[in-house]
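Please look over the model below before reading the numbered points.

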Amino acid sequence: MSWLLLVLAGVFEVVWAIALKYSNGFTNIKASVIVIIGMIVSIYFLALAMKQIPISIAYPVWTSVGALGTATFGMMFLGDSVSLTKTFFLSLILVGVVGLKAVS
């Protein structure tokens with residue numbers, strides 16, 4: 001259950017990061033509210049996950065789920081550039097997360 005909460009925390013990190021893009025410096029109220037709610041939910045699920053998962057595992061996994069999800073969304077839907085080198089380095093983050101899960 002803790003790992004599910006951790007992944008959900010990462011998903012909500014992606015939600016608030018994408019909403020932040022659309023908030024236009026917090027001038028778009030709807031997107032700004034989504035940012036704040038997403039942050040609160042993300043931190044809440046992270047805190048719950050950390051009851052069972054050590055911080056040395058939970059925090060890197062949380063940030064990497066957010067980074068990979070946000071980068072993937074940007075490349076797929078926002079016109080961010082896609083390159084072999086960018087994909088390679090993003091995959092290294094994934095390898096690191098899988099490695100952390102394997103040793104925990």
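**Notes on the predicted model**

1. Phe-26 counts as partly exposed, because its relative accessibility is 46%; buried means under 20% relative accessible area, exposed over 50%, and partly exposed in between, with a 1.4 Å probe and protein chains only. Phe-26 lies in the loop between α1 and α2. Its phi is near 65 degrees, a positive value in a residue other than glycine. Helices (H or I, at least four residues) and strands (E, at least two) are DSSP runs, numbered from the N terminus.

2. On the source: this is a predicted model, in which local features need pLDDT of at least 70 and side-chain atom pairs count only at pLDDT 80 or more, while totals for chains, interfaces and linings use all residues. Residues are numbered from 1 along each chain as its sequence is written, and side-chain values use heavy atoms, with hydrogens and water left out.

3. Asn-24 is found in the loop between α1 and α2. Phi of Asn-24 is also positive, near 50 degrees, and Asn-24 is not a glycine. With 53% relative accessibility, Asn-24 counts as exposed.

4. Helix α1 covers residues 2-22, which is 21 residues. From its first C-alpha to its last α1 reaches 31 Å, close to the 30 Å expected at 1.5 Å a residue; the expected span is 1.5 Å times one less than the number of residues. The buried residues of α1 include Leu-5, Leu-6, Ala-9, Val-14, Trp-16 and Ile-18. The partners of these buried residues are α2 (29-49) and α3 (55-77), against which they pack; contact means heavy atoms within 4.5 Å.

5. How far apart are the end C-alpha atoms of α2? They are 30 Å apart, which agrees with the 30 Å that its 21 residues should span at 1.5 Å a residue. Buried residues of α2 include Ala-31, Val-35, Gly-38, Phe-45 and Leu-46. Seen down the helix axis, the buried residues of α2 fall within an arc of 165 degrees, so they line one face of the helix; the arc is that of the directions from the helix axis to the C-beta atoms. They pack against α1 and α3.

6. The other face of α2, turned away from the buried side, carries the exposed residues Ile-29, Lys-30 and Ile-40. At the start of α2, a side-chain oxygen of Asn-28 comes to within 3.1 Å of the backbone nitrogen of Lys-30.

7. Val-61 has its place in helix α3. Its relative accessibility is 3%, so Val-61 counts as buried. Leaving out residues up to four places away in sequence, Val-61 touches Trp-3, Leu-6, Val-97 and Leu-100. Val-61 and Met-75 are 14 residues apart in sequence, and their C-alpha atoms are 21 Å apart in space.

8. Ser-64 lies in helix α3. Ser-64 counts as buried, because its relative accessibility is 7%. With residues up to four places away not counted, Ser-64 touches Ile-93 and Val-97.

9. Thr-70 lies in helix α3. Is Thr-70 buried or partly exposed? Thr-70 is partly exposed, at a relative accessible area of 25%. Thr-70 is in contact with Val-14 and Ala-17, neighbours within four places in sequence being left aside. Thr-70 and Ile-18 are 52 residues apart in sequence, yet 6.8 Å apart in space, C-alpha to C-alpha.

10. The structure holds 5 aromatic pairs. The ring centres of Phe-88 and Phe-89 are 5.1 Å apart and the planes stand at 70 degrees, so this pair is edge-to-face. Rings of Phe, Tyr and Trp (its six-membered ring) pair if their centres lie within 6.5 Å; planes under 30 degrees apart count as stacked, over 60 as edge-to-face and the rest as tilted. Phe-12, Tyr-44 and Phe-45 form one aromatic cluster.

11. The protein chain has 4 helices and 0 strands, in the pattern α-α-α-α along the sequence. Of its 104 residues, 30% count as buried. Among contacts in the chain with a separation of 6 or more, 65% are between residues 24 or more positions apart. The C-alpha atoms fill a box of roughly 40 × 35 × 15 Å, taken along the principal axes.

How values were computed:
Polar contact = N/O pair within 3.5 Å; in protein donor to acceptor, adjacent residues only side chain to side chain.
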